[in-house]
Amino acid sequence: SGDQPYLPSELLHDADGGSIAGYNLLFHVWQLNKSKKNSVADLREHTLTKQLLIEFPNLAFLLEAELHRILDSVSKFPADTTKLPDFKTGEEDAYTIDAARSNVVYTDPRTGVPSEKLSYGYVTAFTYFYEC
């Protein structure tokens, strides 16, 4: 797909160290991916999206674009979420799952060394859901 990994300089964090509404929104999208019933309009009005905007009001001006990115990312995965032996997202394919830390660890294509700091945006979150 030509996407390059990026090192996120900021993540959405609340006082507890993470956004529960953000995680739950992505998991909701993942669950609905089975039926392909996700739409930007539906997600915009969802309770989890509204909660996320309460937690992070400055996100409002980016919301539409982010919802499109979320739906584009989840569309790269099989609708039935069945694990396929040769499945590729088109993103970085060299990764492991660190279950103890609940994250995807990609191998840095520049160095060949695993790095917890690499991410492919929402594809990384959906990769975790796919694998776990």
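1. Helices α1 and α4 pack at an angle of about 45°, and their axes lie 10 Å apart, where axes are lines fitted to C-alpha atoms, for helices over the stretch in contact, and angles run from 0 to 180 degrees between N-to-C directions. That makes α1 oblique to α4, since angles under 35 degrees count as roughly parallel, over 145 as roughly antiparallel, 65 to 115 as roughly perpendicular and the rest as oblique.

2. Please keep in mind that this is a predicted model, in which local features need pLDDT of at least 70 and side-chain atom pairs count only at pLDDT 80 or more, while totals for chains, interfaces and linings use all residues. Residues are numbered from 1 along each chain as its sequence is written, and side-chain values use heavy atoms, with hydrogens and water left out.

3. The contact (heavy atoms within 4.5 Å) is made by Leu25, Leu26, Val29, Trp30 and Asn33 of α1 together with Leu67, Ile70, Leu71 and Val74 of α4.

4. The protein has 5 helices and 3 strands, which are DSSP runs (helices H or I, at least four residues; strands E, at least two) numbered from the N terminus. Along the sequence they follow the pattern α-α-α-α-β-β-β-α.

5. Of the 132 residues, 38% count as buried, meaning under 20% relative accessible area, with exposed over 50% and partly exposed in between (1.4 Å probe, protein chains only).
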